[in-house]
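This briefing is arranged by topic, from the chain as a whole down to single residues. Please read it alongside the sequence and the model shown below.

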Amino acid sequence: MTEPPTTADTVTGGHPEPADVSAPLIPPREDKSDEDDLDMTPMVDVTFLLLIFFMITAAFSLQKSISFPTPEQEENAAQARTLQEVEEDFDYVIVEIHDDDSVFVDEVEASSKQDLLEKLRDARDTPKGSSARGPSNLLVMAHPDCRHETVVMALDAGNAVGMEDVKLTMAEDSGY
Amino acid sequence: MVDDQLHDDIDELEEDPILPRRRVKNSADLDITPMIDIVFLLLIFFIVASVPDPQVEADLPHARHGKGVDKQTSVIFTVKDLGDGQTEVYLGNGKRGDLLPEAPGDQDAIIRKALAGHAIALLPADPDAQEDAIRRAVLEGNKNQGKTAVLVKAEKGVPFHVTHQVGKAVGSAGIEGMGLNFAVIEGQ
C-alpha cells in the first residue's frame with residue numbers, strides 16, 4: 001500500500017512533494033491495522049475449543065445399549081402361554097441358551113456367533129409349517145446360570161437379522 | 001510537530017533497506033499462539049481419550065447393533081462380576097460404593113444422590129431387599145428426576161438370573177414405557 005509512493009520517491013530523487021506528504025502516508029495504515037483488521041484468531045480458537053468440548057461431552061453421555069422387554073410383562077402375558085404353545089407358533093424362532101453357554105436355534109446347536117447369525121437368517125427366511133413367510137419373532141430362552149455375554153450375543157443376533165419382536169425369558173431349571 | 005514527524009518517517013523510508021528490515025523484525029518475535037493452541041488441543045484430546053480406570057469401568061459385552069441411550073435420563077444400575085457366579089448390584093454408574101443403609105429415610109436420601117450421579121450405592125444382596133431398593137430407585141427417578149429409561153450395565157460374566165432379577169424388579173415398579181436396556185460396547 002505504501003510501496004508505490006516510496007518507489008516513486010526514490011526514482012524522483014528522494015524529495016517527496018508536499019502534496020504527497022499532506023495526504024498522510026503512515027496514519028491510514030495504523031488506523032487500518034488497529035480498527036479494520038480486528039484480529040479474529042483468538043475468538044475463533046476459543047469457539048473451536050468450546051465446540052470440541054460440547055461435542056465430546058455429548059458423545060460421552062450416550063451409552064450404546066440393547067433394549068430388552070421387562071420380564072414382568074412377559075410373565076403375565078407370554079409366560080401364561082405355555083412353552084408348548086410358543087414352540088408351535090410358526091411365527092417364533094426359539095433360541096435356547098444352556099448353562100454351559102451353548103446356543104441352540106430351534107434345537108440345532110450354533111457353534112459360534114457367525115453360525116448363530118446364519119442359522120437365524122435361515123430360520124427367518126424359510127417358511128416354517130404352513131405360514132407363507134418365515135417367522136419374524138425371536139424368543140431367547142436363557143438358563144439362569146448362563147453368562148450375560150451370551151444373552152447379549154443372542155439379542156444382538158436377533159436385531160441383526162431384523163426380528164420384529166425379541167423376547168427374553170428365563171428357562172426353568174427343570175427344563176434341562 | 002506533525003510535519004517533523006512525517007519528515008522523519010519519510011527519511012526513514014528513504015533509507016535503503018525498508019522491506020528487509022521489516023522481515024527481520026517479523027521473524028524475530030515469532031508468533032507462538034497457534035502452536036500453543038494446537039498443544040492445548042492435543043492435551044485435551046489425550047486427557048479425554050486416556051484409558052479409563054479399570055476399577056470403575058465395567059467390562060461390558062460387545063454387540064454390533066446397539067443404539068445410543070442418554071445416560072442423563074436413565075436410571076443406571078451396574079452389575080459387577082466377582083467371579084464364580086457372585087455379583088454385586090450398584091445403583092449408579094460405577095463399581096465401587098457404600099452399602100445402602102437399612103433405614104428407609106437414609107435410603108431415600110442416598111437413592112436421590114445416586115440418581116443425580118453424585119454417589120454410587122451398593123444394593124443389598126438379599127433378593128427381596130434388592131428388589132425393593134430397585135423399585136424405589138426407579139419410581140423416584142421417574143417421578144422426580146425425569147428419568148425415562150433404565151440402563152443395566154452388566155459385566156460379561158454375570159449370570160443371567162441376576163440381570164433377570166434386576167429387570168423383574170424394574171418391571172415391578174409398573175411404569176409404562178420405562179425402557180430397559182443392557183449397556184454394550186459397540187463392535188465385535
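Among contacts in chain B between residues at least 6 apart in sequence, what percentage join residues at least 24 apart? The figure is 69%, and it is to be read with the caveat that this is a predicted model. The secondary structure of chain B amounts to six helices and nine strands, and of its 188 residues 33% count as buried.

- Eight strands make up an open sheet with mixed pairing, and their order is β2(B)-β1(A)-β8(B)-β7(B)-β3(B)-β4(B)-β6(B)-β5(B).
- The edges of this sheet are held by β2 (67-70) and β5 (98-99) of chain B; each has a single partner strand, so one side of each is left without a neighbour in the sheet.
- Within the sheet, strand β3 (residues 74-83) of chain B pairs with strand β7 (residues 149-154) of chain B in the parallel sense, the two being joined over six bridges, and Phe77(B) stands opposite Val152(B) in β7(B).
- Helix α8 (residues 148-160) of chain A lies across β1 (62-67) of chain A together with β7 and β8 (179-183) of chain B, and its direction makes an angle of about 80° with β1(A).

**Helix packing in chain B**

- Two packed helices are described by the angle between their axes and the distance between the axes.
- For helix α4 (residues 104-115) of chain B and helix α5 (residues 127-144) of chain B, the packing angle is about 60° and the axes are 10 Å apart.
- With angles from 65 to 115 degrees counting as roughly perpendicular and those under 35 as roughly parallel, α4(B) and α5(B) are therefore oblique to each other, and α4(B) passes α5(B) in a right-handed crossing.
- On the α4(B) side the contact is formed by Ile111(B), Arg112(B) and Leu115(B), which meet Arg136(B), Ala137(B), Glu140(B) and Gly141(B) in α5(B).

**Asn142(B)**

- Asn142(B) lies in helix α5 of chain B; since burial requires 20 or more other C-beta atoms within 10 Å and exposure 12 or fewer, its 19 other C-beta atoms within 10 Å make Asn142(B) partly exposed.
- Residues up to four places away in sequence aside, Asn142(B) touches Lys147(B), Ile175(B) and Met178(B).
- The C-alpha atoms of Asn142(B) and Met178(B) are separated by 8.4 Å, although the two residues are 36 residues apart along the chain.

**Strand β2 of chain A**

- Six of the six residues of strand β2 (residues 92-97) of chain A are buried, so this strand is largely enclosed by the rest of the structure.
- Cover is found on both faces of β2(A), with Tyr92(A), Ile94(A) and Glu96(A) buried on one side and Val93(A), Val95(A) and Ile97(A) buried on the other.
- β2(A) pairs in the parallel sense over six bridges with strand β5 (residues 137-142) of chain A, whereas three bridges join β2(A) to strand β3 (residues 103-105) of chain A, with the two running antiparallel.
- Glu96(A) has a bridge partner in each of these strands, namely Met141(A) in β5(A) and Phe104(A) in β3(A).
- A hairpin with five residues between its strands is formed by β2(A) and β3(A), and Asp101(A) in the turn has a positive phi of about 65°.

Definitions and conventions: Residues are numbered from 1 along each chain as its sequence is written. Chains are lettered from A and ligands numbered from 1 in the order in which they are written. This is a predicted model: local features need pLDDT of at least 70, side-chain atom pairs count only at pLDDT 80 or more; totals for chains, interfaces and linings use all residues. Two strands pair if DSSP finds at least two bridges between them. Helices (H or I, at least four residues) and strands (E, at least two) are DSSP runs, numbered from the N terminus. Two residues are in contact if their C-beta atoms, placed from the backbone, lie within 7 Å. Axes are lines fitted to C-alpha atoms, for helices over the stretch in contact, and angles run from 0 to 180 degrees between N-to-C directions. Angles under 35 degrees count as roughly parallel, over 145 as roughly antiparallel, 65 to 115 as roughly perpendicular and the rest as oblique. A crossing is left-handed if the near helix is turned anticlockwise from the far one by less than a right angle, and right-handed if clockwise.
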